[in-house]
Amino acid sequence: MIAATLNEYVILSVVLFAIGFFGVLLRRNTLVIFMCLELMLIASTLALVAFSRFNRTQDGNTFVFFILTVAAAEVAVGLALIVALFRSRRTVQVDELNALKH
Amino acid sequence: MDLSSLQALAANNDWTAIFPELLLGCLALVLLGLEIVLPRDLHRHLPVVALLGVLAILPSQIISFTVGFVEGESFNGLLYHSREGQLMRVFFLLSALLTGVLGTVSLAKQKVAHTEFYHILLVVTAAMMLLVQSNHFVMLFVALETVTIGLYVLVGYFRTSPYSLEAGLKYLILGALSSAILLFGIALLYGVAGNPALPGHTGAAMNFDALRNFLAHNPHHFLASVGIVLVLAGVAFKIAAFPFQIWVPDVYQGAPTPVTAFLAVASKGAGFLVLLILARTFAPCAWLLAPVLTLMAGATILFGSLAALTQHNVKRLMGLSGVTHAGFLLLGVVAAGTQAMAVGAIYFYLFAYLLASFAVFGVMAQVAGANDADQELSHYAGLAKDRPFLALVLAIGLGSLAGIPPLAGFMGKLFIFIAAFKAGLYGLLAVAVVGVVISIYYYFSWIRAAFFASGIPPEGDTPARPALPPVGFMAGLVLGLLAFATVLLGFYQGVLGQWLAPR
């Protein structure tokens, strides 16, 4: 098995981050947007772990636990909001959520 | 890692240094506990318990300001306690107190649970107080996320209103996006600063001091620059600086009025403190930092002023004019790169902004009807005749926000502009003056609506103002105090003014 280099890990995480970022900007379904947001967090996690492994420093590994916790809290609040909004509006499409206009 | 080294690490955990935050957290838990224990008819007193608790913590904080306060690091470099941090603790406690008072007015008009609102408010306040004292990226991120996740809930708090929920969802998506961008920037900075091949590399790259030391050795490293830009972009979302201000109008309109005030004042204040801390950390990369912040400040002032001109909804107007204020504060941050007095000017501006904003939002909470998102300029027609007290408070608050002498807002703008002038930022100053002139126009159209427009709609189809309930004693007292303090701070700067002296 060929061990991956640091550059490969970083490039992979940048690609994941870019997929997530453009997904948030371009997709119209709130749930898919949510998945893209998680993808962006995962990209940062991957980068942190890779840097931590190759630089032989510990902070990055520790940080990952905090990120996972924060991401879980974010999803809990986010899904609650989506469910509540779906009950009153019967849609999760961003285009149709436009009651707030001047 | 053996037991003795863990003990040595734990010895640095100075719990008394974060006593106010601990008290706030306990108070929040006590509220939830009381809600379980107390019979249902006593629940209406719980907000009072929360407000009295914050009121009790506030003077203890002012005392610890002068007596027995630790200056320096604690928790192994996670936190750094400074005089600025102490001042901002007072700022956030005041914001929480005023938001709570507005909450008693606004929540009474809705059918929602009351206790949880205060619980989340207190937790978010404690997190903000930790945030502005953080000295480490893990601390910064966790505190920032505690603040934003709490605010997602608060923005969507009126869950029977589709407007509030929609605002909550929009804030959640854009807030999470900005957090992810910030996090990726942190990851890049951490990776670069820990690289053993580079000079000045460090094992503790998350620590701000270690990072600044590393950046001083490699100010032009490409990946580090990308990291800095990403981190700044993440913070710019929080302070609503151009081009990351797109969420502001919708979220401000949909959020409950007290939460809008909290977002406008406390969240923005926290964002600016983080920006100041980060600007100090990234100071070795001034070649990148100065132009980015300068462009952002100019664009923010212009965008906020021009976008606010066309608004009819007062919450959107406050949001977009808040973008302009963020631009003025950014001008201060740019000037702080060379002028020490700009930091003091930023703090003064924040306090003047707090007083004036809560005065205006307090009046808005009184005037708002059952639909909290529907607050039009036309609802203010004839306010001076029906409620002269509210109209007077509104006029003082708006005048201070617009920067009319001799109110506090004028002094705040003056100090920032003097600092910018000393720093030689003439181009930005010209933009800022244009912003001030435009802001006087749209703030005065609101004052004109309250004082000079007649309350009778010219045609039948104009939406009439919702019925005005009488102003409660506590809300009236707080509004009066805010207006009085706004006038007083314009004439006499006193203790706050001492902060302006360069140290």
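Predicted model: local features only at pLDDT ≥ 70, side-chain atom pairs only at ≥ 80, totals over all residues.

Student: How are α4(B) and α11(B) oriented to each other?

Tutor: The axes of α4, residues 83–107 of chain B, and α11, residues 257–281 of chain B, come within 8 Å and cross at roughly 170 degrees. Angles over 145 degrees fall into the class just defined, and therefore α4(B) and α11(B) are roughly antiparallel.

Student: How many charged residues does the contact of α4(B) with α11(B) have?

Tutor: The residues that make the contact include B:Phe91, B:Phe92 and B:Ser95 from α4(B), and B:Ala261, B:Phe262 and B:Gly269 from α11(B). Sorted by class, the contact has 10 nonpolar and 6 polar residues, and the number of charged residues is none.

Student: What is the handedness of the crossing of α5(B) and α6(B)?

Tutor: The axes of α5(B), residues 115–131, and α6(B), residues 137–155, come within 8 Å and cross at roughly 155 degrees, and these helices are therefore roughly antiparallel to each other. Among the residues that meet there are B:Ile120 and B:Val124 in α5(B) and B:Leu140 and B:Leu144 in α6(B). As for its hand, the crossing is left-handed.

Student: Which element gives the most to the side of chain A that touches chain B?

Tutor: On that side, 35 residues of chain A are in contact with 41 residues of chain B. The elements of chain A that give two or more residues to it are α1, α2 and α3. With 17 residues, the element that gives the most is α3(A).

Conventions
Residues numbered from 1 in each chain as written. Chains lettered and ligands numbered in written order. Contact = placed C-beta atoms within 7 Å. Helix = DSSP H or I, 4+ residues; strand = E, 2+ residues; numbered from the N terminus. Axes fitted to C-alpha atoms, helices over the stretch in contact; angles between N-to-C directions. Parallel < 35°, antiparallel > 145°, perpendicular 65-115°, else oblique. Left-handed = near helix turned anticlockwise from the far one by under 90°. Nonpolar A, V, L, I, M, F, W, Y, C, P; charged D, E, K, R; others polar.
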